[in-house]
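Reader: Could you walk me through this one, taking a buried position, the core and the pocket in turn?
Author: Gladly, here it is.

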Amino acid sequence: MTSAISERIPSAERREQILGAASLVFGERGYFGATTDQIAKAAGISQPYVVRMFGSKENLFVEVLQRALDKLMVSFQSTIDEWKAEGSPAGEDDGALHEIGRRLGLAYVNLLEDRGILLSLMQAFAMGNDPVIGERAREGFLGIYKMVRDQVGFSPDEARSFLAEGMLLNTVLGLKLPAEYGKDVCATEIIESTFRTKLQLVLDIAGENA
């Protein structure tokens, strides 16, 4: 896309275009492995335009992280609101907290449709020593914990287990284990156990990115 063509796209749309591309590039390559030139090429615009809009790679990564956190929190909030509107029903095999945990887990996996979200979160969580990115990542992680503790009613142990499952999901994706599905017995077992009813979605996305 040329600079002249890109100028005709509304600013908000251009911004989302760049953040979506940056989310994928940062998610795949990490903060230090990614460059603004790679991100510009993925977004189909010029590298100077990316720098002009965001100022620096650090600023761009922080906005990618904020985008991922916002999308995650909106998805969780919608799921919680729907569950409460239904009277906080219990699942078939367990209590109400098991059911909302199951629903939130499905909502989390559904974010895979924007693959960069979960991978960029994982990259951010690994940068706890960075004074800027680490602080924002901690705030976001604790915000998720506070949401499931206060709005859902999870105990500290239940919240820990829920977040631990999310970290496992990110690890499986980061390692590209879905590419080993059906080839390695252990990989197949852990993938099936982790994604369950969303297995086919994960395998389809893995195939698209092979």
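Reader: Leaving aside its neighbours within four places in sequence, which residues is R67 in contact with?
Author: Contact here means heavy atoms within 4.5 Å, and on that basis R67 touches E16, L19, G20, S23, D114 and I117. Residues are numbered from 1 along each chain as its sequence is written, and side-chain values use heavy atoms, with hydrogens and water left out. This is a predicted model, where local features need pLDDT of at least 70 and side-chain atom pairs count only at pLDDT 80 or more, while totals for chains, interfaces and linings use all residues.

Reader: Why does R67 count as buried?
Author: Because its relative accessibility is 9%, and buried means under 20% relative accessible area, with a 1.4 Å probe and protein chains only. R67 lies in helix α5, helices being DSSP runs of H or I with at least four residues, numbered from the N terminus.

Reader: And the largest nonpolar core, how many residues has it?
Author: It has 59 residues, where a nonpolar core is a set of buried Ala, Val, Leu, Ile, Met, Phe, Trp, Tyr and Cys residues joined through side-chain atoms within 4.5 Å. The largest share, ten residues, comes from helix α5, residues 57–85.

Reader: Switching topic, which helix gives the most to the lining of the largest pocket?
Author: That is α6, with nine residues.

Note on methods. Buried means under 20% relative accessible area, exposed over 50%, partly exposed in between (1.4 Å probe, protein chains only). Helices (H or I, at least four residues) and strands (E, at least two) are DSSP runs, numbered from the N terminus.
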